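User: I would like a close look at a single part of this model. Please keep to one strand and the strands beside it.

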Amino acid sequence: MRYREIITELFDTDVAWRMRRVGDNKIIFTSNIGGRDIELEYFTNNGFRDVHVSFTVDGEYDVTGEGDAAAIFGVVINNIMRFVDRVKPDKLGFAAHKPDDIGGSTPYETRARLYDRMVRRYINGSGYSYHVEDRDGFSIYVLTRNKDVNS
């Protein structure tokens, strides 16, 4: 199996999600992967046209360093792709600690680099374009739906 096929297979992970709505501006999906609780949250202030996404593993936003990263990111990416396909938000945003240009590699910086690679991989053909905003030590990823997309 070629390297690209292995990577595709790793991020083609799917699990059962439980969904609950919190008021009019938040949807929370929960699941469990290898005994680890995953919570994926979509929130908005304007009817899910402009959505922010965040997720935790065992209640922590920090990278745990305890493995399963490929499986966890795979299920999170799959959920986000389904959400975008169904809801079709005008904007979707998420954040990661900004990588250190000096060459450090903290878990936060590793997550930002992973986000960079994943956005570049999944944005092609999605009907969205993206840019990254730097704010207070964070990289804010903003995906914007292309105006010529009809669906």
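In S7, which residue is the bridge partner of Leu92?

Analyst: The bridge partner of Leu92 in S7 is Leu143. This is a predicted model, in which local features need pLDDT of at least 70, side-chain atom pairs count only at pLDDT 80 or more, and totals for chains, interfaces and linings use all residues. Residues are numbered from 1 along each chain as its sequence is written, and side-chain values use heavy atoms, with hydrogens and water left out.

Strand S7 covers residues 138–145. Strands here are DSSP runs of E with at least two residues, and helices are runs of H or I with at least four, numbered from the N terminus. Two strands count as paired if DSSP finds at least two bridges between them.

S7 has antiparallel pairings with two strands. With strand S5 (residues 91–97), S7 forms seven bridges in the antiparallel sense. With strand S6 (residues 128–135), S7 pairs over eight bridges, also antiparallel; here Val132 stands opposite Tyr141 of S7. S6 and S7 form a hairpin with two residues between the strands, where Asp136 takes a positive phi near 45 degrees.

As for burial, six of the eight residues of S7 are buried, so the strand is largely enclosed by the rest of the structure. Buried means under 20% relative accessible area, exposed over 50%, and partly exposed in between (1.4 Å probe, protein chains only).

Asp116 counts as partly exposed because its relative accessibility is 23%.
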